[in-house]
Amino acid sequence: MATPDEAVVVSRPETFEAFYRREFRRVVAIAYALSGSRAGAEDLAQEAFIAAHRRWDEIGSYEKPEAWVRRVVSNMAVSAFRRRRSEAKALARLAGRRQEVLPPLEPEHDGFWELVRQLPKRQAQAVALHYLEDLPVIEIADILDCSPNTAKVHLHRGRRALAAKLSEEGP
Amino acid sequence: MSTQLDDRARRAAAAVHEAVAESRLHLMEAGIPALRRPRQWPAGTGRAVLAGAVTALVVLAGLLTARDALFAPDTAAPPPTTFGLPSPPDEPTGAPTTTATPPTSVTSTTATTAPSTTTTTLDLLPPMLAVTAPADGAVLTEKVVRFEGITEPGATVKAGPYEADVDAEGNWSLVLVLSPGDNLARFTAVDAAGNEAEATVTVRYEPPAPETTTTTTKPAEDPAPFVANYTWGTCPLVPPYDEYYGTGEPGTKVVVTSAYGEGSTMVGEDGTWYVKVFFPEAPLDEPFPVTLEDTLGRKTVFEFTYVSG
């Protein structure tokens, strides 16, 4: 056992500001891939972070607050209503600037994510988290709030469907 | 399938990350109040202002006495003027649970301007600092802990880089995250004059034990514990099946039930058991519960999924 002099209080719960700056771009990437909206992805991510900010006393003490915000943004991004609302807000905000927030993807990559978005929602979320975040099944399950077996099934079916669609497309 | 798919997926994922990295995201700080911080004064500003104020007072006192000497030809010297900064409060009456640096002596400086004398009292006492909760030596099961205490009103309290909230009466609190085992929390208080005090408290964090797969619902006379495990969890074969095994009270029966298949076995003399259960009617890709129960009523539930090959 460590003596008191050797032990230390290692950290304080991360501030929301630090968490936001650390995670924001990665969360935007999830929103972009799952919504396909260049204009609305940032707003979706922002909405997820604002939800986290409102409950930061609780969420900030979680072992992985980043899993919570990924769950929120991935659910919002596959919701057609939320996506349209965020797009409308972003377009209104951008109206005066005449510029897109996110640059377009090359057709090959855009086509891939379009196929992902055609999958059932849970499969699309599992596939996006697997490839974008390079997460193992157990962490995908944590984000999707389901058992590892269920996450494994969603990922397996999503990848199988994607492989079939890609083979239809040809090389 | 997987190589071609994985290759393309990873390139597509990299493209998304590049697009986000290249973009000029707003990081819309205006939408999040926490990101709009009040202006922070640079460290040491308070002490510099205080020193300047003391100097100004000494000079002013000197001028006043010089004026008196010029315009009041009375030979009697005026009484000395004494002024000082707020003195530190009394030491706390309750015994704190921590160690605190003992106060040093108070010294004074004297500025003499003939024919009068002005004395300025400087605050060189360290601020009082005590940790009131948690108690020193406490054993805690919570990872995130709020430390509370009391200090001199106006003082700041920190633990490493983290600053505590201090109210007008000097009550402070700070939330810290503990590591498993012993944790030494070291707090420092700095008063308005720049004097420092330190207090420490040692607490022990013992995380709650993780849940096990063994569940005892009916107490028995020291029966061997019922432990169940599954082998696969998912199966792509037709008919799908899983294999369950574990330990239990010798001679008792282990029954496996589910909506799509069941089986049973006896716990052997060596206390181990094994059973293979088929789920011929299991739906594809839909997890369902499988319950294992021994004759002593001890139960464990797993999940099984028939996945496509």
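In this predicted model, B:Asp242 has B:Val277 of strand β19(B) standing opposite. Strand β16 of chain B covers residues 241-247 and is joined to β19(B) by seven bridges, the two running antiparallel. Both strands belong to an open sheet of three strands in chain B, with the order β14-β16-β19 and antiparallel pairing. At the edges of this sheet lie β14, residues 227-230, and β19, residues 272-278, each of which pairs on one side only. On average, and with direction ignored, neighbouring strands here are turned by 20° against each other.

B:Asn229 sits in strand β14 of chain B. B:Tyr245 is 16 residues apart from B:Asn229 along the chain, yet 5.4 Å separates their C-alpha atoms.

One pair of bridge partners is B:Val254 and B:Asp294, the latter in β20(B).

Stepping back to chain B as a whole, its secondary structure consists of two helices and 21 strands. Of its 309 residues, 25% are buried. Among the contacts in chain B with a separation of 6 or more, 56% involve residues 24 or more positions apart.

Helix α1 of chain A spans residues 16-35 and helix α2 of chain A spans residues 41-54; their axes come within 8 Å and cross at roughly 140°. The two helices α1(A) and α2(A) are therefore oblique to each other, and their crossing is right-handed. On the side of α1(A), the contact is made by A:Phe16, A:Tyr20, A:Phe24, A:Val27, A:Val28, A:Ala31, A:Tyr32 and A:Ser35, while α2(A) contributes A:Ala41, A:Glu42, A:Leu44, A:Ala45, A:Ala48, A:Phe49 and A:His53. Sorted by class, the contact between α1(A) and α2(A) comprises twelve nonpolar, two polar and one charged residues.

The other pair is formed by α7 of chain A, residues 121-133, and α8 of chain A, residues 137-144, whose axes come within 10 Å and cross at roughly 130°. That angle makes α7(A) oblique to α8(A). The crossing of α7(A) and α8(A) is right-handed. Here A:Arg122, A:Gln125, A:Ala126, A:Leu129 and A:His130 of α7(A) meet A:Ile140, A:Ile143 and A:Leu144 of α8(A). By class, five nonpolar, two polar and one charged residues make up the contact of α7(A) with α8(A).

Conventions. Residues are numbered from 1 along each chain as its sequence is written. Chains are lettered from A and ligands numbered from 1 in the order in which they are written. This is a predicted model: local features need pLDDT of at least 70, side-chain atom pairs count only at pLDDT 80 or more; totals for chains, interfaces and linings use all residues. Two strands pair if DSSP finds at least two bridges between them. Helices (H or I, at least four residues) and strands (E, at least two) are DSSP runs, numbered from the N terminus. Axes are lines fitted to C-alpha atoms, for helices over the stretch in contact, and angles run from 0 to 180 degrees between N-to-C directions. Angles under 35 degrees count as roughly parallel, over 145 as roughly antiparallel, 65 to 115 as roughly perpendicular and the rest as oblique. A crossing is left-handed if the near helix is turned anticlockwise from the far one by less than a right angle, and right-handed if clockwise. Two residues are in contact if their C-beta atoms, placed from the backbone, lie within 7 Å. Ala, Val, Leu, Ile, Met, Phe, Trp, Tyr, Cys and Pro count as nonpolar, Asp, Glu, Lys and Arg as charged, and the others, Gly among them, as polar. A residue is buried if 20 or more other C-beta atoms lie within 10 Å of its own, exposed if 12 or fewer, and partly exposed in between; C-beta atoms are placed from the backbone.
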